[in-house]
Amino acid sequence: MAYLDHNATSCLRPQSRDAVERALMVGGNPSSVHRQGRAARAVVDEAREYVAGLVKSKPEEVVFTSGGTEANFIGLWGAVLGSDDRGSRIERLIVSAVEHDSVSKTVREIAAHRPDIGIATVPVSADGVVDLGALRRALAESGPALVAVMAANNETGAIQPIQSVAEQVHASGGWYLVDAVQACGKFNADFAAADYLAISAHKLGGPQGAGALIVRDSSPFAAIVCGGGQESNRRGGTENVAGIAGFGAAAKMCRGDDSARNGALRDRFEVGLRHIFPDVVIFSEHVARVSNTSCFAVPGIAAETALIALDLDGVMVSSGAACSSGKVRPSHVLKAMGVSAELTRSALRVSLGWNSGEPDIEAALASLERLAARVTRRAA
């Protein structure tokens, strides 16, 4: 079996599994003051330290959530409904055209419920990088804005210029939300300029069902999930102690040291891919990409056909974002990049992780070579 879909979910690290098992044995509610409750609180606090260390934030800025989707959701809604220490409120939302659905759909929901909030979408280049000139023009409009531009795209791996975006946003008096789910731990990015930062455990080798929103001091924020005052009154509900423990363990182990190895593996894959399919199109290949990601299309071979062929050979890849109930659907990311509908229907994504190796690449290339031979025989 060759698992090459780490952008959908990475394999669970042994250290995370062990941390989850230990936390399950602790029991207790972290909000309880008795001995067992204090033990559970210690597990959460230790994990908070590790997660904060991964993104170089203060531990008190970490708000644990159920994952990256919730982090983006409460980040956007919380920012819109809150105000900063000067009483300033967000009047506009500006998002890139290639944001994850958890951002773009939340923005549409905010627009439906808050018609007083202005909405603008910033286009991207043919390589999927945000147009800084268009962003500058959008920021020039009146009213404080919250800008959402992700750190790295989940489909193509294209890395966005988050420092340049932050400079423009802050110069205009606005705030910046960064979806770092696909970037965190994969390369040495500096997220200090982000006012809000969304990350997820299961993209790092932690368990599913745990994530975090980093909310910087003085950023506008109001709690969306209310309850017992957990997470310093920013996200109610009893903490997922076991999931958070696994998250902390993954954060402790994840220092971006897989980047060079995965980059070499990806390059080996793309060289082999071009040998098998000379007409292959590799998206975002001319810009900086996360080293673990290769998004490509072979003209004339539908994604569904390739996915089935690879899966039968024990090779697991994706057709793009894994957030549509298992359905293969057109990519809004590739559409925003100007890719034709026909080529979009052929798009596949290979994504590597902490335990990927040369055998995975060889298995994928061997399967694709068999697919190419079958396609050639049918054409003959």
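Predicted model: local features only at pLDDT ≥ 70, side-chain atom pairs only at ≥ 80, totals over all residues.
## Exercise 1: α5 against α6

Work out how helix α5 and helix α6 are oriented relative to each other, and which residues make the contact.

**Solution.** 

- Step 1. Classify the angle. Angles under 35 degrees count as roughly parallel, so α5 is roughly parallel to α6.
- Step 2. List who touches whom. From α5 we have L132, L135, R136 and L139, and from α6 we have S164, V165, Q168 and V169.
- Step 3. Sort the contact of α5 with α6 by class: five nonpolar, two polar and one charged residues.

## Exercise 2: α3 against α4

Describe the packing of helix α3 and helix α4, down to the residue classes in the contact.

**Solution.** 

- Step 1. The helices are α3, residues 68-81, and α4, residues 101-113.
- Step 2. They pack at about 30°, and their axes are 9 Å apart.
- Step 3. The crossing of α3 and α4 is right-handed.
- Step 4. Helix α3 brings T69, N72, F73, L76, W77 and V80 to the contact, while α4 brings S102, V103, T106, V107, E109, I110 and H113.
- Step 5. The class tally for α3 with α4 is seven nonpolar, five polar and one charged residues.

## Exercise 3: T156 and S284

Is T156 buried or exposed, and which side chain does the side chain of T156 meet in a polar contact?

**Solution.** 

- Step 1. Find T156 in the loop between β5 (145-148) and α6.
- Step 2. Check the accessibility. Buried means under 20%, so T156, at 1% relative accessibility, counts as buried.
- Step 3. Look for polar partners. The T156 side chain reaches the backbone nitrogen of A158 at 3.2 Å, and a polar contact of 3.4 Å joins the side chains of T156 and S284.
- Step 4. Collect the other contacts. Setting aside neighbours within four places in sequence, T156 is in contact with residues including F283, R289, T293, C295, V333, L334 and M337.
- Step 5. Follow the partner. S284 is in the loop between β9 (281-282) and β10 (293-297), and counts as buried at 2% relative accessibility.
- Step 6. Check the S284 backbone: phi is near 60°, a positive value in a residue other than glycine. For context, most residues other than glycine have a negative phi.

## Exercise 4: V51 and S232

One of these two is buried and one is exposed: which is which?

**Solution.** 

- Step 1. V51 is in helix α2 (residues 35-55), and with a relative accessible area of 0%, V51 is buried.
- Step 2. Leaving out neighbours within four places in sequence, V51 is in contact with V62, F64, I199, A212, F247, G248 and A251.
- Step 3. S232 is in helix α7 (residues 230-233). The relative accessible area of S232 is 57%, so S232 is exposed.
- Step 4. Also note the S232 backbone: phi is positive, about 55°, although S232 is not a glycine.

## Exercise 5: R38

What does the side chain of R38 reach?

**Solution.** 

- Step 1. R38 belongs to helix α2.
- Step 2. Not counting residues up to four places away in sequence, R38 touches S32 and V33.
- Step 3. The side chain of R38 reaches the backbone oxygen of V33 at 2.8 Å.
- Step 4. R38 and G28 are 10 residues apart in sequence, with a C-alpha to C-alpha separation of 7.9 Å.

Methods. Residues numbered from 1 in each chain as written. Heavy atoms only, no water. Axes fitted to C-alpha atoms, helices over the stretch in contact; angles between N-to-C directions. Helix = DSSP H or I, 4+ residues; strand = E, 2+ residues; numbered from the N terminus. Parallel < 35°, antiparallel > 145°, perpendicular 65-115°, else oblique. Contact = heavy atoms within 4.5 Å. Nonpolar A, V, L, I, M, F, W, Y, C, P; charged D, E, K, R; others polar. Buried < 20%, exposed > 50% of the residue type's maximum accessible area, 1.4 Å probe, protein only. Polar contact = N/O pair within 3.5 Å; in protein donor to acceptor, adjacent residues only side chain to side chain. Left-handed = near helix turned anticlockwise from the far one by under 90°.
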